[in-house]
Amino acid sequence: MTENNRFIQAGVIGWPISHSLSPRLHGYWLKEHDINGVYEPLAIPPDSLRLFLLKLASQEFAGVNITVPHKEAAVAHMDTLDDNARRIGAVNTVVVQEGTLYGGNTDGFGFMENLKDGAPDWAANQGPVTVLGAGGAARAIVAALLEAGVGELRLVNRTRERADQLAKEIGGAITVIDWDKRTSALEEIGLLVNTTTLGMKDKDPLDLDLENLPASAVVTDIVYTPLITPLLTTARQLGNPVVDGLGMLLHQARPGFFFWFGVKPEVTDALRAFILEGLEEC
Ligand code: ATR
């Protein structure tokens, strides 16, 4: 129950928004904690983003999540940005504070928490990490991995310039490797992360030979449709520990829920099952 049982409103903005699982996720926690609040999907086209965010501070909202395609564009409309969102250049969580907008980015937090849950024995000092992809998700993940103490991060992307740009902007121990050298980028690593869209339902599979992958390397994919991607299936058959991508979605939502509704929510097996049911309905 919230303080004085005051009604609290939050939501997620994107375009389109109908497939977002965030309303189902926050709705589960609202019910679980008996909170007098709502979390709504809000379809905001790109040309309305500025006006929506201008108005947000004066509305009844406690804040919003921001999803595709607005994460980068929203940066310019925040009154305050946390260091992480500034470094990544993208906002996914907005908190309305005394009529001003505070923007943060919890995608890297979600990734690291999911990794902790799924591969509790992985440690940042267990060898190099290879990240495939250099899009928005990769930026947050690369920053979080470096922050966690990874000493060598190999960044492999089809479009090399995009990886070079990411390495320049994020800084730190990143080595950019060409896409056609991706097999050799797996030598001696402790963790492999797929942040590309390859392997997603209705997309091309990820064409990656795992012959150089050490047997102990953890393999994780941020794609969660399907939950076990072809990459994870192959890695599992080789005996490598694997971590699916659903937990990143669940964990990235925790800080926003806490800011807005004042309760620290948990990621449980029951929540995972409830969200998986929602995925099947999509
Ligand atoms: P997100 O913001 O979710 O990370 P994105 O910015 O569209 O999404 O990035 C998608 C990633 O998948 C990029 O790294 C992209 O590579 P490019 O930078 O070369 O576009 C990668 N990707 C998508 N299709 C690919 C393909 N067929 N082969 C290799 N990489 C691909």
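**Note on the ligand site and some backbone features**

1. An N or O atom in the side chain of Thr159 lies 2.5 Å from an oxygen atom of the ligand, a polar contact in the sense of a pair of N or O atoms within 3.5 Å (within protein, one must be able to donate a hydrogen and the other to accept it, and residues adjacent in sequence count only if both atoms are side-chain atoms). The protein buries 72% of the 640 Å² that the ligand exposes when taken alone, the areas coming from the Shrake-Rupley method with a 1.4 Å probe, where for residues only the protein chains shown count as cover.

2. The model is predicted, so that local features need pLDDT of at least 70 and side-chain atom pairs count only at pLDDT 80 or more, while totals for chains, interfaces and linings use all residues. Residues are numbered from 1 along each chain as its sequence is written, and side-chain values use heavy atoms, with hydrogens and water left out.

3. The backbone also takes part at this site: a polar backbone atom of Ala134 is 2.9 Å from an oxygen atom of the ligand, and for a backbone N or O atom of Gly136 the distance to a ligand oxygen is 3.0 Å.

4. In total, 13 residues surround the ligand, and the closest are Ala134, Asn157, Arg158, Thr159 and Arg162; a residue is near if one of its heavy atoms lies within 4 Å. This shell divides into four nonpolar, seven polar and two charged residues, where Ala, Val, Leu, Ile, Met, Phe, Trp, Tyr, Cys and Pro count as nonpolar, Asp, Glu, Lys and Arg as charged, and the others, Gly among them, as polar.

5. Arg139 belongs to helix α5 (residues 136-147), helices (H or I, at least four residues) and strands (E, at least two) being DSSP runs numbered from the N terminus. Arg139 is buried at a relative accessible area of 14% (buried is under 20%, exposed over 50%, partly exposed in between, with a 1.4 Å probe and protein chains only). Leaving aside residues up to four places away in sequence, Arg139 touches Ile88, Leu166, Glu169 and Ile170, with heavy atoms within 4.5 Å.

6. Most residues other than glycine have a negative phi, and most peptide bonds are trans. Glu98, in the loop between β5 (93-97) and β6 (100-104), has a positive phi near 45° and is exposed at 84% relative accessible area.

7. The peptide bond from Val68 to Pro69 is cis, with omega near 5°, and Pro69 sits in the loop between β3 (61-66) and β4 (80-81).
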